[in-house]
Amino acid sequence: MSLKKIGITILALIAIFIIYTIAFTEKGIKPIQPEAIVPNLDYSALSEEAAKDLQAYIRIATIRGREKEGALFLKSILDKRGIPSRIIEYPGKPDRASLLAELKGKDTTKEGLILTSHIDVVEADAKDWDVPPFSGVRKGDRIHGRGAVDVKGLGIMQLHAFLLIHEKKIPLERNLMFLAIADEESRSEHGARFLVDKHKEIFNGYEYVWNEGGTGSKDIAIKGSKVFNIQLAEKGAVWLDLKAKSIPGHGSTPPVSYAAKSMVDFLQEVQNIGNKTVIKDETAAFFYSLGAISNFPDSFVLKRSRNPLLFIILKGVINSNRHLRAMTRNTVSLTGIDSHPIGMNVITSETTGSLDIRILPGQDEKKMFEEVKALGEKYGVEVSARHLESGSISPMDGLLFRVLAGTVTAVEPGSIATPFLSPGTTDSSYLRQIGLKCYGLIPALLSSEEIDGIHGKNESMSVPQLKMGIEILFKSIIEYNHQVAK
Ligand SMILES: [Zn+2]
């Protein structure tokens with residue numbers, strides 16, 4: 001081939017690649033634009049009532065326990081409206097209780113919708129807070145207290161939307177369940193895992209779940225943006241204990257290898273597990289949605305996240321942001337290392353440690369454990385599994401997802417919806433195990449400060465946020481019913 005021909009071939013290839021780059025974008029999500037007729041309501045008045053309930057609910061300090069009191073409080077509200085409900089206690093620990101109420105649909109055998117939240121909250125250190133964390137105090141239009149966002153706020157929004165469906169006599173095509181669950185914050189033994197194992201029958205006829213896991217946010221992803229991150233996937237967890245042993249010795253004459261050094265060398269190499277960036281369909285759709293509210297050239301790149309050339313640019317952005325890194329790769333956190341030191345000049349005989357590895361959904365947690373164990377053998381480090389859990393994912397084209405994506409943007413014009421893969425886990429990971437399709441969304445726009453309040457200090461939710469949440473929930477439930485009957 002002559003030089004000229006080679007030159008033409010290269011130019012032709014470049015041209016094809018440029019055309020491909022411009023022409024082919026990722027697909028994005030498929031929101032359903034709301035069609036159903038919804039009664040006009042005074043959501044402001046409703047949110048004032050919900051605010052009082054949220055204050056009272058926060059005052060029941062359900063710190064990793066006492067859920068029964070929380071469940072009885074919710075039950076009292078349902079009782080007043082004449083809606084039957086039942087409390088399910090954990091055997092031997094009646095204090096750890098969940099609450100369930102149902103509104104029956106025309107067809108009770110399929111496609112039911114569950115609104116779920118957890119009753120328990122995490123601890124709050126009063127000295128870090130501006131108000132006592134369990135006072136449920138209202139200042140202006142804001143309710144303060146542990147659980148306001150995670151996740152009693154969502155529970156109250158769901159409860160009031162549920163009450164409205166009953167009160168306005170909305171004809172339901174399918175069952176609607178309100179389910180408040182115990183023990184989410186300590187890995188769900190007395191809550192979701194117990195219900196899935198021992199009371200699986202309560203989920204008969206249900207297909208979709210609206211849970212926590214995602215939130216609306218404002219000004220976070222992009223200045224001025226309003227983004228509803230709808231969680232549809234959660235990463236899995238591989239928690240490992242590590243141990244290296246050797247003969248102790250004098251610090252002045254170290255052997256080639258000894259326990260502490262083996263551990264450090266091993267930990268150095270094990271971090272390579274987190275080097276590879278993976279963009280699956282849902283993450284590509286997440287970037288695509290962000291592209292829709294970004295300016296050129298960002299918009300161009302974000303809508304083409306899997307284009308090999310543009311990916312090089314995007315990778316730089318991902319690598320500089322810990323949240324984006326967690327969404328796109330397996331992560332490795334060194335959560336413990338201890339050489340059990342004695343004195344400056346003593347090489348100790350044992351070093352222990354721990355690793356918290358989070359794997360993307362679809363990857364095998366046992367295989368990851370075996371891989372790390374094999375690497376440990378290379379360095380003389382014993383690796384044992386403390387907890388292995390797979391990731392979970394619900395489909396991006398699931399009806400509830402598409403309804404939510406369409407309704408949030410209709411209620412809040414100028415906002416966008418994105419599919420969201422969360423690095424942490426919620427009860428959805430257990431509910432997905434029995435085939436339920438779960439989507440996580442606190443349907444309100446939160447600032448980064450408000451999101452920091454989750455498990456942090458000064459957690460709060462405003463009355464306008466409750467109002468938006470009730471409106472989105474009520475309209476989404478009606479739209480879901482409309483779509484399911486089509
Ligand atoms: Zn939570």
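Biologist: How do α12 and α15 pack, at what angle and how far apart are their axes?
Modeller: In this predicted model, helix α12 (residues 399-411) packs on helix α15 (residues 463-484) at about 135°, and their axes are 9 Å apart. That angle makes the pair oblique, the class left over once under 35 degrees is roughly parallel, over 145 roughly antiparallel and 65 to 115 roughly perpendicular. Angles run from 0 to 180 degrees between N-to-C directions, with axes fitted to C-alpha atoms, for helices over the stretch in contact. Helices (H or I, at least four residues) and strands (E, at least two) are DSSP runs numbered from the N terminus.

Biologist: How many nonpolar, polar and charged residues are in the contact of α12 with α15?
Modeller: Ten nonpolar, three polar and three charged. Asp, Glu, Lys and Arg count as charged; Ala, Val, Leu, Ile, Met, Phe, Trp, Tyr, Cys and Pro as nonpolar; the others, Gly among them, as polar.

Biologist: Switching to sheets, what's the order in the open sheet of four strands?
Modeller: β11-β13-β9-β14, with antiparallel pairing. Strands pair if DSSP finds at least two bridges between them.

Biologist: How many bridges join β9 to β13?
Modeller: Ten, between residues 236-245 of β9 and 350-359 of β13.

Biologist: Which strands do α6 and α11 lie across?
Modeller: Helix α6 (residues 259-270) lies across β9, β11, β13 and β14, at about 10° to β13. Helix α11 (residues 365-379) lies across β9, β13 and β14, at about 170° to β14.

Biologist: And what is the order of the three strands in the other open sheet?
Modeller: β4-β5-β18, with antiparallel pairing. β4 (138-139) and β18 (460-462) each have a single partner strand, so one side of each lacks a neighbour in the sheet. Three bridges link β5 (residues 142-144) to β18, and I143 has M461 as its bridge partner there.

Terms used. Residues numbered from 1 in each chain as written. Predicted model: local features only at pLDDT ≥ 70, side-chain atom pairs only at ≥ 80, totals over all residues. Contact = placed C-beta atoms within 7 Å.
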